[in-house]
Amino acid sequence: MTTEQKNNHALILRTNGEFEIIDWPKGNHLPILYTGIGCTHVDAVDISPRLSMWIDDSGLINGSPVNRAATILYAIHQEPHQHYHGDVIITGGVDHEGETLGLTNDEIASLIEFHLTFTTVSVPGQRES
């Protein structure tokens, strides 16, 4: 399996506790970021060498709610210095050419488990016939 096949997703963490797995193809990522976050200006925050968080550059100014899970995720990896506001997209780090990588399936699973630990979103139970 090539890197492109393995790292082809990103994760949106919403302020209301919901999350969404999205495709992260090679190429221009700005339209994906703008649509996913719901903004027109983004900024990248390096959480670790293998994780980046994309935020609405105006989230604090426009009154977006604090994204508790995103703020805690950052604080687990680095000394916290602010709260992050609005929906965020989590991607992988960058490759040797500076291209932003997507997340592997294992990284997605770990991030979803983390997210569910720090949010109040309900996970639906198994349906009965």
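Modeller: A residue counts as exposed over 50% relative accessible area, as buried under 20%, and as partly exposed in between. Bear in mind that this is a predicted model.

Biologist: Fine. Which class does Arg-50 fall in, buried or exposed?

Modeller: Arg-50 has a relative accessibility of 56%, so it is classed as exposed.

Biologist: What does Arg-50 form a salt bridge with?

Modeller: Its partner is Glu-107, and the closest N and O atoms of the two are 2.8 Å apart. Arg-50 sits in the loop between strand E3 (42-48) and strand E4 (51-56), while Glu-107 belongs to helix H4 (residues 105-117). The two are 57 residues apart, and the pair links distant parts of the chain.

Biologist: And Glu-107, buried or exposed?

Modeller: Glu-107 is buried, at a relative accessible area of 16%.

Biologist: How many salt bridges turn up in the whole structure?

Modeller: The search finds three. One of them joins Arg-14 to Glu-20, with 2.7 Å between the closest N and O atoms. Arg-14 also pairs with Asp-87, where the closest N and O atoms are 3.1 Å apart.

Biologist: Where do Asp-87 and Arg-14 lie?

Modeller: Asp-87 is in the loop between helix H3 (68-77) and strand E5 (88-92), and Arg-14 is in the loop between strand E1 (9-13) and strand E2 (19-23). They are 73 residues apart in sequence, so the pair ties together separate parts of the chain.

Biologist: What is the accessibility of Glu-20 and of Asp-87?

Modeller: Glu-20 is partly exposed, with a relative accessible area of 35%. Asp-87 is buried, with 17%.

Biologist: Which residues do shared partners join into one network?

Modeller: Arg-14, Glu-20 and Asp-87.

Biologist: Changing topic. What does the secondary structure come to?

Modeller: Four helices and five strands. From the N terminus on, the order of elements is α-β-β-α-β-β-α-β-α.

Biologist: How much of the chain is buried?

Modeller: Buried residues account for 40% of the 129 residues.

Biologist: And the contacts, what share join residues at least 24 apart?

Modeller: Of the contacts between residues at least 6 apart in sequence, 55% join residues at least 24 apart.

Biologist: Last one. What does the accessible surface come to?

Modeller: About 7900 Å² for the chain, with 51% of that belonging to carbon and sulfur atoms.

Methods:
Residues numbered from 1 in each chain as written. Predicted model: local features only at pLDDT ≥ 70, side-chain atom pairs only at ≥ 80, totals over all residues. Heavy atoms only, no water. Salt bridge = Lys/Arg side-chain N within 4 Å of Asp/Glu carboxyl O. Buried < 20%, exposed > 50% of the residue type's maximum accessible area, 1.4 Å probe, protein only. Contact = heavy atoms within 4.5 Å. Areas by Shrake-Rupley, 256 points an atom, 1.4 Å probe, with all protein chains shown as cover.
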